[in-house]
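Please consult the sequence and the structure shown here.

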Amino acid sequence: MDNATIERLESSCKLLAPRGEELVDQFYARLFAENPTVRPMFPESLADQKKKLLAAFVLVFENIRNPEKIAEPLKKMGGRHQGYGTKAEHYPIIRDVIIYVMAEMAGNQWNDQLTEDWTNALNFVASIMVEGQKEAQNGSRQAA
Ligand code: HEM
């Protein structure tokens, strides 16, 4: 990722950070409205879930300039997602819902460039998480 991209991602994060709770509320509302089949994968109460998701976003974007620091935590997070029944094809759904909600909240501060930047950034996060899922899968096969 070049510096200009990182700066655009950071400034959109700063813009939305004060509305982080609203962002996760809207994220789950839209995710489940559009993809009702994933709702049963999540616990009934989303209170903890929302806090954890927000913390994961913060972790990623505090370390956006040093991705090597987040690779390991993201892999581990991917490994845990193996246990939640997450499939590789779910990641683009999550990505597009996150971007939709951010764009809607940012209003006229959003543009196509940001959609492209965030698509790439979330594809990168997903690719590391999927790697972690694959490792977790292989690990459990070996153990079985
Ligand atoms: C950008 C990608 C994603 C991020 C950053 C993310 C983040 C998180 C975090 C931080 C948690 C809390 C528990 C933990 O850390 O293990 C979590 C739980 C969960 N995630 Fe994700 N996630 C992502 C993608 C997905 C996808 C694609 C799915 C598939 C539908 C999914 C389904 C779940 C479920 C079902 C739980 C709750 C499990 C439980 O508490 O029983 N996540 N996610």
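Of the 144 residues of the protein chain, 14% count as buried, a residue being buried if 20 or more other C-beta atoms, placed from the backbone, lie within 10 Å of its own. The model is predicted: local features need pLDDT of at least 70, side-chain atom pairs count only at pLDDT 80 or more, and totals for chains, interfaces and linings use all residues. Residues are numbered from 1 along each chain as its sequence is written.

The protein chain contains 6 helices and 0 strands; helices are DSSP runs of H or I with at least four residues, strands are runs of E with at least two, and both are numbered from the N terminus. The C-alpha trace spans about 50 × 35 × 25 Å along its principal axes.

The largest nonpolar core has 14 residues. Such a core is a set of buried Ala, Val, Leu, Ile, Met, Phe, Trp, Tyr and Cys residues joined through C-beta atoms within 7 Å. Among those with the most contacts inside this core is Met102. Not counting residues up to four places away in sequence, Met102 touches Ser12, Leu16, Leu23 and Trp118, contact meaning C-beta atoms, placed from the backbone, within 7 Å.

The ligand has 20 residues around it, of which Lys52, Ala56, Arg80, Tyr84 and His90 come nearest; a residue is near if its C-beta atom, placed from the backbone, lies within 6 Å. The table divides this shell by class.

| Class | Residues in the shell |
|---|---|
| Nonpolar (Ala, Val, Leu, Ile, Met, Phe, Trp, Tyr, Cys, Pro) | 14 residues |
| Polar (the others, Gly among them) | 4 residues |

Methods
A residue is buried if 20 or more other C-beta atoms lie within 10 Å of its own, exposed if 12 or fewer, and partly exposed in between; C-beta atoms are placed from the backbone. Two residues are in contact if their C-beta atoms, placed from the backbone, lie within 7 Å.
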